[in-house]
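Here is a short note to read beside the model. Please keep the structure open and find each residue as you go.

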Amino acid sequence: MSTAISKWGNGVGLRIPQPFLWQLGLEVGDRVEFKIVNDKIIISKSGPTLEELLGRCTAENRHDELFGDSQGKEML
């Protein structure tokens, strides 16, 4: 699939086909990062990965498990 670079105000932009967004789990408003690798533009979702987030968990910042009585229709 190909597309054209369009002028948007003082900058330029590319339209990303919706199936590409779905496949990558991206939504309108998500932040992305751009990298150039071997003369190609790589676009990836910005932010920490699940592995990076879990790597930040320590015994000091983890809370205890909390269980209580059913409050609604959990047992149905």
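1. Start with the second largest pocket. It is lined by 13 residues. Those nearest its centre are Arg-15, Ile-16, Pro-17, Phe-20 and Ile-43. The space in this pocket is about 330 Å³. Keep in mind that this is a predicted model.

2. Which elements build that lining? α1 (18-24) and β4 each give at least two residues to the second largest pocket. The largest share comes from α1, with three residues. By class, the lining has nine nonpolar, three polar and one charged residues.

3. Now turn to the largest pocket. Its volume is about 460 Å³. It has 16 lining residues, and the closest to its centre are Leu-14, Ile-16, Val-32, Phe-34 and Ile-43.

4. β2 (11-13), β3 (32-37) and β4 (40-45) each provide at least two residues of the lining of the largest pocket. By class, that lining divides into 12 nonpolar, two polar and two charged residues.

5. Next, look at the surface. Which residues form the nonpolar patch? They are Met-1, Ile-16, Phe-20, Val-32, Phe-34, Ile-36, Ile-41 and Ile-43. Together they have about 880 Å² of accessible area. Some names return here. Val-32 and Phe-34 are among the residues closest to the centre of the largest pocket.

6. Where does the patch come from in the chain? β3 and β4 each supply at least two of its residues. The largest share, three residues, comes from β3. Met-1 sits in the segment before β1 (6-8).

7. Check the charged contacts too. Side chains of opposite charge can pair when their charged atoms come close. How many salt bridges does a search of the whole structure find? It finds one. The side chains of Lys-45 and Asp-30 meet in it, at 3.7 Å from N to O. Lys-45 lies in strand β4 and Asp-30 in the loop between α1 and β3, so the pair ties together parts that are 15 residues apart in sequence.

8. Last, the record. An unreviewed UniProt entry carries the annotation "domain: SpoVT-AbrB" for residues 6-51. In the model, that span is 20% helix and 39% strand. Its end C-alpha atoms lie 36 Å apart.

Key
Residues numbered from 1 in each chain as written. Predicted model: local features only at pLDDT ≥ 70, side-chain atom pairs only at ≥ 80, totals over all residues. Heavy atoms only, no water. UniProt positions renumbered as here; feature names shortened; annotations may be inferred. Helix = DSSP H or I, 4+ residues; strand = E, 2+ residues; numbered from the N terminus. 1 Å grid on protein atoms, 1.4 Å probe; cavity = no way out; pocket = protein on both sides within 12 Å on 5 of 7 lines; lining within 4 Å. Points joined across faces, edges and corners; volume = space filled by probe spheres on them. Nonpolar A, V, L, I, M, F, W, Y, C, P; charged D, E, K, R; others polar. Patch = residues over 30% accessible without salt bridge, like charges linked within 9 Å, V, L, I, M, F, W, Y side chains within 5 Å. Areas by Shrake-Rupley, 256 points an atom, 1.4 Å probe, with all protein chains shown as cover. Salt bridge = Lys/Arg side-chain N within 4 Å of Asp/Glu carboxyl O.
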